[in-house]
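Please open the structure in your viewer and keep the selection tool at hand.

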Amino acid sequence: MWFEMALSMCVLAAADGDAATPPAVIPLPARMEVKPGRFVFDGATAIVFDAKAPGADAAAGALADCLRPAMQAPLPVRAGDVRGANTIFFGNGEGLEPAGEEGYHFTVTPDGVEIRGRAAGLFYGAQTLRQLLPSPVFAGALRGDVDWSVPCVEIVDRPRFAWRGMLVDVARHFMPKESLKKYIDVMALHKFNRLHLHLTDDQGWRIEIKKYPKLTEVGAWRDETQVGKPKEGEYTFDGTRHGGFYTQDDLRELVAYAAARHITLVPEVEMPGHAQAAIAAYPELGCTGEPLPVRTFWGVNENVFNVEESTILFLQDVLSEVLELFPGEFIHVGGDECPKKQWKESPRVQERMRELGIESEDALQSWFIGRMDAFLTERGRRLIGWDEILEGGLAPGATVMSWRGVEGGIAAARAGHDAVMASTTHLYLDYYQSKDESEPLSIGGFVPLERVYEFDPVPAGFSEAEARHILGAQAQLWTEYIKTPEHLEYMAYPRACAVAELAWTPQELRAFDGFMRRLRTHVDRLGALGVNYRPLD
Ligand code: TNX
């Protein structure tokens, strides 16, 4: 029997979590005390959930699903009111120190495991339990002998921030749905709770919109793609058609898959810039009336949406379908890198500015975003956009995603708006992670692991009231130079582990040395999961 073998192997496997080496949990819990002894799983161990505790059933099932591939005999899962001996028990956290929506209380004694909290907290407790087990349990199939035991601990945990996000740019390179599911699984292990999908850009439109089929018939495909960086202004191209899109069914499936892992998908539909794929599909949305192809090279682009009422209504129709698919509170409308050249040069746009009584092109962009803000607010949602949306005045309901450093986030918070920190300086995981010549070609920049880790989302000098406007932090993976899910994983991990910790763990507990010690164990888990992480130096 598997458990007898497990017992005999106990002494052989290097068990993590002795008092001297606290368990390698990432992100580090807010409070964790290691006690003597271990709980050893055996053939009679069961997962038990209190059927009256919301989410306990789901968390128990999620734990069983994660462990099943590495077990010969899966752990039975059953309902039960009380935590009996030799069980992993999921129940509500009533009467315990409040842990909020996402916190949990977690106790291991030689007799069993007890996890208490609300739905998300219970799920996160299950993720912590996985990380107390040895790395081979993360594999998709039983590999050799595993020490099925966990150290006795007492954990009281809750996140520092409500927004713990990652952006994946599926516009520059389309990523298959199944690869996003794996991505979501790995995010969940790290207690991330927002996946921001950058669904539209100059080089591709990736979301099926029933009312405007050409957005994907035309906009989801480009003839070819720039190869490498231009040399002396000369581009080379690969001559290969690239594209793809998610059907509405695909997106519903992804939304549900992520929700089961307590991750909210944040869809982004870019406007008024980064719009060429949409203009290629419907040229009347552009400023020049000229037909344009879906763009085949990178960089800031002058071809932007016009400001006709029909264009605003078109985009609101698009958003209506987006709202049907994505139930989350926040809808991202882009707003970054919108050159004003065509607006300045177009007689029709200038006429429209006079009609609207708008004096500058920056103010025109604010009017544009303001129309979307009003539309989303009326429908009970919240607009979020890149920090350029500050430039002509911030729309009343807007939340700012601060990418050009933290200044946009600071300005937003000081003006009483919410902000998410997503700064190029620390959180752009498309940038180089080492100076090693063997690193794959990247867009540029240099954001090694230690730099990521040192980021504190709350700017120095912030008052408590200002700090409350910082919803959290988000890592960005722009995919100009990232063509495959494997390469995406290489750029994401292990740096995303640092992002997870800076977004979850109390600032006063964070230390790079301790993180690195835990990370050396943690990367074995990533390896067992088949994540193509960049090896540690
Ligand atoms: C800037 S970040 C962009 C993206 C690029 C990225 C490359 C932002 C809001 N805009 O369009 O992909 O730099 O690092």
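The quantity pLDDT is the predictor's confidence in each residue, on a scale from 0 to 100. It is needed here because this is a predicted model.

**First stop: confidence along the chain.** Colour the protein chain by pLDDT. Its mean is 95, and 96% of the residues reach 70 or more. Now select residues 1–17, where pLDDT stays under 50. For this stretch the model has 29 contacts beyond four places in sequence. Where pLDDT is low, the predicted coordinates should not be read in detail.

**Second stop: the ligand.** Select the ligand and display the residues around it: Arg172, His274, Asp336, Glu337, Trp386, Trp403, Tyr428, Asp430, Tyr431, Ile443, Trp478 and Glu480. Sorted by class, this shell has six nonpolar, one polar and five charged residues.

The whole structure contains 20 aromatic pairs. One of them is formed by Trp163 and Phe330, whose arrangement is edge-to-face. Their rings are 5.2 Å apart, centre to centre, with 75 degrees between the planes. Trp163 belongs to strand β8 (residues 163–169) and Phe330 to strand β17 (residues 330–334), so the pair ties together parts that are 167 residues apart in sequence.

**Fourth stop: backbone geometry.** Most residues other than glycine have a negative phi, and most peptide bonds are trans. The following selections depart from that pattern.

- Select Ile26 and Pro27: the peptide bond from Ile26 to Pro27 is cis, with omega near 0 degrees. Pro27 is in the loop between α1 (2–9) and β1 (31–40).
- Select Tyr493 and Pro494, which are joined by a cis peptide bond with omega about 15 degrees. Pro494 is in the loop between α16 (485–492) and α17 (495–504).
- Select His262, a residue other than glycine with a positive phi, near 60 degrees. His262 is in the loop between α6 (248–259) and β16 (264–271).

Note on methods
Residues are numbered from 1 along each chain as its sequence is written. This is a predicted model: local features need pLDDT of at least 70, side-chain atom pairs count only at pLDDT 80 or more; totals for chains, interfaces and linings use all residues. Side-chain values use heavy atoms; hydrogens and water are left out. Contact means heavy atoms within 4.5 Å. A residue is near a molecule or strand if one of its heavy atoms lies within 4 Å of it. Ala, Val, Leu, Ile, Met, Phe, Trp, Tyr, Cys and Pro count as nonpolar, Asp, Glu, Lys and Arg as charged, and the others, Gly among them, as polar. Rings of Phe, Tyr and Trp (its six-membered ring) pair if their centres lie within 6.5 Å; planes under 30 degrees apart count as stacked, over 60 as edge-to-face and the rest as tilted. Helices (H or I, at least four residues) and strands (E, at least two) are DSSP runs, numbered from the N terminus.
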